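Hi,

Here is the structure I promised to pass on to you. Have a look at it first, and then read my notes below.

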Amino acid sequence: MSDTPQPHEPEPDSPEPSSFEEIVGEETDRDPDLAVIEAGSRTLRAQAGPPQPDVVPSRPEDPELDRALREVEEKLATRWGETKLDPSVQRIAALVDVLGEPQRSYPSIHITGTNGKTTTARMIEALLGAFELRTGRYSSPHVQSVTERISIDGAPVSAERFIETYRDIEPYIEMVDAQQEYRLSFFEVLTGMAFAAFADAPVDVAVVEVGMGGTWDATNVIDADVAVITPISLDHTDRLGDTPERIAQEKSGIVKPDATVVLAQQPVEAASVVLKKAVEVDATVAREGMEFGVVSRQLAVGGQQLTLRGLGGEYPDVFLPLHGAHMAHNACVALAAVEAFFGIGQQQARTLDIDVVRQAFASVSSPGRLELVRTSPSVLLDAAHNPGGAQATAAAISEAFDFSRLIGVVGTSDGKDVRGLLEAFEPIFAEIVVTRNSSHRAMDVDELAAVAVEVFGDERVQVEPRLDAALEEAVTLAEEEGEYAGAGVLVTGSVITVGEARLLLGGRR
C-alpha cells in the first residue's frame, strides 16, 4: 500500500449514471411551471492572455516591502472587523461615489450562498480566463494573506499592488470616514480597494463574492448581470436569520432587475423566496436540477470525471481535480453562470467550446478545500465551519479516500453551530484533537472540548490549546497501531484554523 490513501476506483458493477431527465424527474423542491427566460445577452471581446498560475502568497521576502504591507494591515486592523456590522450600504456607496463608481466600469458576476461560494468563484474565474477574458475576483475570507482577497488574471495581486491600491484610495477613505457616523469597516475598505484595482487593471469582468448575506453586504453596490446563489443552510443565524427562508430573504438581495439568477439546489423554502424575488424584479431564473445539472460523475485519480448539463447542452468528459459531490455541483453552477454571462440560454441552443471548458476545469484549485498538503501520513485541510459544509466534507472523504484511521484537528470560531459540525464528522473521525487558532474570535478550547466529549465520548477527545502541538498530536495518533500507510489527519472547523495550519505545514498551492 502506498503512503497516501488513493481515491477509490469505481466498482465494475456500478449502475449506469442517471440521465439528466431522470434527475429532473426526481426534483420535487422546485416550481416546474417557472420557465427559463433566455439568458442575458452580454458578450465580451478577448483582451488578455491565459490566467497566471494560481498560488497562495506568503509574506514578502523584501524587508521593506514586508514592513509596508504590515503598515497597511495594521491600519485595516484598526477598523471594525468582519463580525461587527451595521446593516447598511451607505458608507460603501459614499466611498465608491467619491472614487468615481469604479464598479460600474466592468460587468460583474455576483455570488452569494452559505457554502461553496469561494470554490464556485474560482471555477467561474478559471472558465472566463480560459475564454481569454481578463478577470478580477474578490473573495473572503483569506487563507494565508489578505492579498488573496483581490485577484487579477487568476492570481492574487502582489504585495506592491495591494499597498499601492490602498495608498491611492486612502485620502478618499478618510474623507468618507469624516462624513459618516461610523468609519468604514475593514471589509468595506477592502471592497473599495478591489473595485478600484479592477477598474485600474482594467478587467473585462469581475467575479464578486459577498462577505455575508446580500442585501446590505458591501459588495451589493454592483448591478451584476448574473447573480449566483450557492446552497443555503444555517450559518450566521444571529445576523441573517434562523431559518433557510429568512437567510434566503437576505441573500436574494443581490438579484437585480433583468439579471439572470443561477440557483444551486436549495431547501424548498429557500428556493421559493429566491424565485419570488426573481419574479418581482423580472429576472431570469436557471435552477440546478431543472435547467442545468450534474448528469453523471465518476471517481478518478486525483478528482472526478463529470458530464455536466449546461443551459445550452451537455459537456461530457470534464475532469475536475477536486473531490466530492459538492464540488461537482459547484462546477455545474459555475458553468451555468458563465453560459448565462455569454448569453447562452433557451433561445441559443449551443454550448461553449468543450475543449476550453475541459481545460479550465482541469486547472481549478481551491486552497483549504479538501487540500492535501502533506503525506506520510496524509494531512488534509478543509475550511468547513458549519454543519452543511462538514457534511459535504465528510461525504467526500468517505467516497474518495481509503483512510483506515482518520484523526480530526478542529478549531472553531465562537458563535457557530459547533455541535452540528462535530456530529457531521463523528462517523469518520477515530479520534479528535480540539484546539484553537490565534484569532480573538476563536472558541475557547475548554468549551469546545466539552461539546466534543458529549459527541465523541471522553476517550476519543484530546485537548491541545496550541495549534502546532495539536497537529503534532494528531500525526502521532494517526500513526498508532501500525496503521501508518492508511492513516490520515483532517484539519478543519474554520478558515483561520486552516490558514494557520497551512503555514505551519508549508502549504503553497
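Gly100 comes after helix H3 and has a positive phi, near 85°. Keep in mind that this is a predicted model. Helix H3 itself covers residues 90–98, and its buried residues are Arg91, Ile92, Ala94, Leu95 and Val96. What do the buried residues of H3 pack against? Their partners are helix H5 (159–179) and helix H6 (186–200).

Staying with helix H5, you will find Thr165 there. Is Thr165 buried or exposed? Thr165 counts as buried because its relative accessible area is 11%, and the cut-off for buried is under 20%. A polar atom of the Thr165 side chain lies 2.8 Å from the backbone oxygen of Arg161. Setting aside neighbours within four places in sequence, Thr165 also contacts Met193 and Ala197.

In soluble globular proteins, nonpolar side chains tend to be buried together. Here, the largest nonpolar core has 47 residues, and Ile124, Leu128, Val228, Leu308, Leu352 and Phe361 have the most contacts inside it. Several elements supply at least two residues each, among them strand E1 (108–112), helix H4 (117–130) and helix H11 (354–362). Helix H10 gives the largest share of this core, with 12 residues.

Enjoy exploring!

Technical notes: Residues numbered from 1 in each chain as written. Predicted model: local features only at pLDDT ≥ 70, side-chain atom pairs only at ≥ 80, totals over all residues. Heavy atoms only, no water. Core = buried A, V, L, I, M, F, W, Y, C linked by side-chain atoms within 4.5 Å. Buried < 20%, exposed > 50% of the residue type's maximum accessible area, 1.4 Å probe, protein only. Helix = DSSP H or I, 4+ residues; strand = E, 2+ residues; numbered from the N terminus. Contact = heavy atoms within 4.5 Å. Polar contact = N/O pair within 3.5 Å; in protein donor to acceptor, adjacent residues only side chain to side chain.
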